[in-house]
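Visitor: I am new to this structure and would like to go through it step by step. Please show it to me.

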Amino acid sequence: MEYIDSYSRKQAIDDGILIDVSDLAKANGIRYPVAMTNSLYTLLTDGLVGTLWTFLERFSEMARSAKGDTLTGFIVARGVPVHFKALAHPGDDMEPVITIMLEEED
């Protein structure tokens, strides 16, 4: 199979499409690198890291009991339900990674 073009996770992080939140995720007990879409990150932070921390804390709890490579759920952030999905998948070098996005994103 011949690839015409590819867009790596690293490129998406460098371009700001994905935001690397691995350090905060690790502090919440998530052992794999975690990135989230810019739109979810912006919605959760909006200048308030506490909401991102709470999200990752709750996500970590949900992920421990998840089955399979996709997790969907929601949390309430600033009184608004935020529906998300998370995918566990191979990264650029085939290492396990997690990408979290809004439910309607790909």
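Visitor: Does Ser-8 count as buried, exposed or partly exposed, and at what relative accessibility?

Guide: This is a predicted model, in which local features need pLDDT of at least 70 and side-chain atom pairs count only at pLDDT 80 or more, while totals for chains, interfaces and linings use all residues. Residues are numbered from 1 along each chain as its sequence is written, and side-chain values use heavy atoms, with hydrogens and water left out. Buried means under 20% relative accessible area, exposed over 50%, and partly exposed in between, with a 1.4 Å probe and protein chains only. Ser-8 counts as partly exposed, at 23%.

Visitor: Where does Ser-8 lie, and how many Å in space is it from Asp-92?

Guide: Ser-8 lies in the segment before helix H1 (9-14). Helices (H or I, at least four residues) and strands (E, at least two) are DSSP runs, numbered from the N terminus. Ser-8 and Asp-92 are 84 residues apart in sequence, but C-alpha to C-alpha the separation in space is 6.1 Å.

Visitor: What is the order of the elements along the protein chain?

Guide: The protein chain has four helices and five strands. From the N terminus on, they run α-β-α-β-α-α-β-β-β.

Visitor: What is the radius of gyration of the protein chain?

Guide: The radius of gyration is taken over C-alpha atoms, and the globule rule is 2.2 Å times the number of residues to the power 0.38. For 106 residues the rule gives 13 Å; the value for the protein chain is close to that, so the chain is as compact as a globular protein of that length, with a radius of gyration of 14 Å.

Visitor: What share of the residues in the protein chain is buried?

Guide: The C-alpha atoms fill a box of roughly 45 × 30 × 25 Å, taken along the principal axes. Of the 106 residues in the protein chain, the buried ones make up 36%.

Visitor: How is the pair of Phe-55 and Phe-59 classed?

Guide: The structure holds three aromatic pairs. The ring centres of Phe-55 and Phe-59 are 6.4 Å apart and the planes are at 10°. Rings of Phe, Tyr and Trp (its six-membered ring) pair if their centres lie within 6.5 Å; planes under 30 degrees apart count as stacked, over 60 as edge-to-face and the rest as tilted. The pair of Phe-55 and Phe-59 is therefore stacked.

Visitor: How is the pair of Phe-59 and Phe-84 classed?

Guide: Both Phe-59 and Phe-84 are buried. Their ring centres are 6.1 Å apart and the planes are at 70°, so the pair is edge-to-face.

Visitor: Which residues form one aromatic cluster?

Guide: Phe-55 and Phe-59 are four residues apart in helix H4, about one helical turn. Phe-59 in helix H4 and Phe-84 in strand S4 are 25 residues apart. One cluster is formed by Phe-55, Phe-59 and Phe-84.

Visitor: How much space lies in the largest pocket?

Guide: On a 1 Å grid over the protein atoms alone, a pocket is an open set of points where a 1.4 Å probe fits, with protein on both sides within 12 Å along at least five of seven lines; lining residues have an atom within 4 Å of a point. The largest pocket is lined by 19 residues, and Tyr-32, Phe-59, Ala-63, Arg-64 and Ile-98 lie nearest its centre. Grid points are joined across faces, edges and corners, and a volume is the space filled by probe spheres set on the points. For the largest pocket this space is about 340 Å³.

Visitor: Where does Met-94 lie?

Guide: Met-94 is not a glycine, yet has a positive phi of about 70°. Met-94 is exposed, with a relative accessible area of 64%. Its place is the loop between S4 and S5.
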